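Please consider the structure shown below. The paragraphs that follow lead through selected features of its strands and helices.

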Amino acid sequence: MVELGAACLIASPIACLYAAGAAIAGARRGDRRLVESSRRAIYALCALLTVSVVVLEAAFLRSDFSVALVADHSSTTTPTGYKLTAMWSSQGGSLLLWAWVLSIASSGVLYLTRGRHRELVPYATAVLAGIGLFFTMLLLLGANPFDRLDPAPAEGAGLTPLLRHPMMAIHPVMLYSGYVLWSIPFAFAIGALITRRLDASWIRSTRRFALVAWIFLGVGILLGSRWSYSELGWGGYWGWDAVENASLMPWLVGTAFLHSVMVQERRGMLKVWNVSLIVATFTLALLGTFLVRSGILESIHAFGASTVGGPLLGLIAVVIVGSAALIVSRLDDLRSERRIESLASRESVFLVNNLLLVGLAVVIFWGTFFPLISEAFTGEKSSLGSPWFDRYTAPLAIVLVLFTGIGPLLAWRRVSAGSLWGLVRVPIAVAVVATIAVAAFTDALDHPAALILFACAFFALAALAAEFWRGAAAQRALTGGGRLEALGRVVTRNRRRYGGYIVHAGIAILFIAVAASSSFQTSEDLRLTPGQSGQVGDYTVTYVEPTQSIDPKEQKLSFGAVLDVTRDGKRFATLHPARQYYSSTTSDATIAGFFEGEATSEVGKRTSIGGDLWTAMRPDLAPLDKVIAGVDRRLEATLPEIGSQGPTPAQVEAMRAYTDRQGAAIRNLAALYVANPLPVDFRVNVNPFVIWIWLGGAVSVIGGLVAVWPAPEARRRRVSDVYAARLARDLGRA
């Protein structure tokens, strides 16, 4: 069965090569049969890679350790659900996922455009096939997921403990899908540049793919931050890590693209911006893929140094140089059809949004790659920490939040001063009152940047609410009915517009939560033994007793604690943080192996609308070192030596007895931890409004889904267009 997956992977570059060649030849000769053939070759690529993925997943499910990828990233003790997700925790498996998602998306867009853009689509097909060719060849030559081991080991290394988390089962898929889907509008933009078909038609055909890419990438970022907050034990959700930044940059530039294309569709402007933004977005998506796999920057999320970093860097160079040459050669065709008539217009606000979003991406790019920049000029690597990022991104973020509220209020072309004041006076009043209230009841005056952001966010939320109110009122005046019913109708009929408003509201909520949780956080490190207490803000934290548990199936030992928390003398919560230790499969030690492998934090937290009380723990296990070493010596003395011919029946029985003694020793150690409690280092955080980060993100995702879902009228138009295209084709044949 593994051979079938390997054979399909070998055939995949052939399908890509044929698709690219047939598409270009068909475009130049005007031969529709070749173009159709190239489209079917992409379908074949999708089928081939689907078989490869299914075969590889089957190998993980049955623990086929003759496949090197399975042996390195799974084991018989890995839970079934995580066996299925272990594929994308590896270098070869994640690249296979990249290529597979690309084939699915390419097949989808080519199917949807099969009767349109006859000049443009063949070149877009060739670009997509070229990207597919690169990744399938990269798999075959640099990270083949079907490489075999002979002889096959009896047991695998197992999935990295940090990845045994529900968020990490979904996060990579969302992130890779977001990266990959940006290739669709990129390919069509290149096709439009080659054929000089630079009107908005290529945008309309790929807009939903861009929106879905934006949604997937945003969900991936949110899930990653949630995992970091819950699993890493440091108490934060964003650390300006290189790979975190690599996912944020294409999201920011892609957001600018989604705003900018509306100006071209409506006013025929910003054409150079649009092709440049989509090229930059796709390039940054490739850069994110490169950073994870190159090892040039340190990151907890990276795979480390590998052989695929160089080829990925080469692809990025080709994309940048080739796209730039095309754009420069088409500057005459990319001239705007109109000019911005007034600074008080929606198109001017969109241009400002472009500058702010791209500015944020540039600042993050500089900070991320500063270690390499400093090394090139000084010979030493110097990293920039979170304070640097916060200092330079905060002002841009504040202005950006303000413009999320201003943009929806303005009409296209121009707005008179009187009309503008009538639109903004209520949101300004709401923002002023809300900001004064926040300043009065919190210590926000000590954090002026946060207070300014609150004011801008309150303005944006009030402005967006006013837009919904006006839309519902207008709809109610036309059709009657209740206000909620009218609001539902206006959103349904204008999903793209009001979906965007919902996205803006979610972003405003998210920024309020980020500012509140980072500015007003209280954090303390406490070293406690049972019965001792510590003060964290308004909370008194008491270490009641230690706990322990053992999971033989996952080879996991957990040392935990019971914390009693009171507030103002009243019982507030009981928390159960823990530290989980996994047996190291690379160590010959018996008990020490649990503490030489990776450990994870099981966070204890109390979540409410107002914020989180968050705790993580790290026991001081140094006093147990001598005990563990002594137990290991006694156990190793009873370990039978097995020759090259395999174990004898007596040795098999001795191994069983050894395993029983090992299990008993682990249970005794866990009991010793509870009977003779050790000092424990606790990190206790009070994080105000942190839950609203993910709630705001969820609101934005819902808004994106509203915007991407076609309105009933659009679906009817699409059906009519299909029938019209068929009629034209039939008449042409006649």
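Which residue in strand 9 is the bridge partner of Gly604? The model under discussion is a predicted one, and in it the partner of Gly604 is Thr615. This bridge belongs to the pairing of strand 8 with strand 9 (residues 611-619), which is antiparallel and extends over 5 bridges.

In general, the strands of a sheet pair through backbone hydrogen bonds, in either a parallel or an antiparallel sense. Here 4 strands are arranged in the order 1-10-9-8, with antiparallel pairing. Strand 1 (522-528) and strand 8 (604-608) form the edges, each of them pairing on one side only. From one strand to the next, the twist averages 10°.

Attention may now turn to a pair of helices. Helix 2, spanning residues 32-61, packs against helix 6, spanning residues 121-142, at an angle of about 30°, and their axes lie 10 Å apart. Since angles under 35 degrees count as roughly parallel, helix 2 and helix 6 are therefore roughly parallel to each other. The crossing of the two helices is left-handed.

Which residues bring helix 2 and helix 6 together? On the side of helix 2 they are Val35, Ser38, Ile42 and Leu49, and these meet Pro122, Thr125, Ala129 and Thr136 of helix 6. Sorted by class, the contact between helix 2 and helix 6 comprises 5 nonpolar and 3 polar residues, with no charged residues.

Note on methods. Residues numbered from 1 in each chain as written. Predicted model: local features only at pLDDT ≥ 70, side-chain atom pairs only at ≥ 80, totals over all residues. Heavy atoms only, no water. Axes fitted to C-alpha atoms, helices over the stretch in contact; angles between N-to-C directions. Parallel < 35°, antiparallel > 145°, perpendicular 65-115°, else oblique. Left-handed = near helix turned anticlockwise from the far one by under 90°. Contact = heavy atoms within 4.5 Å. Nonpolar A, V, L, I, M, F, W, Y, C, P; charged D, E, K, R; others polar. Pairing = 2+ DSSP bridges.
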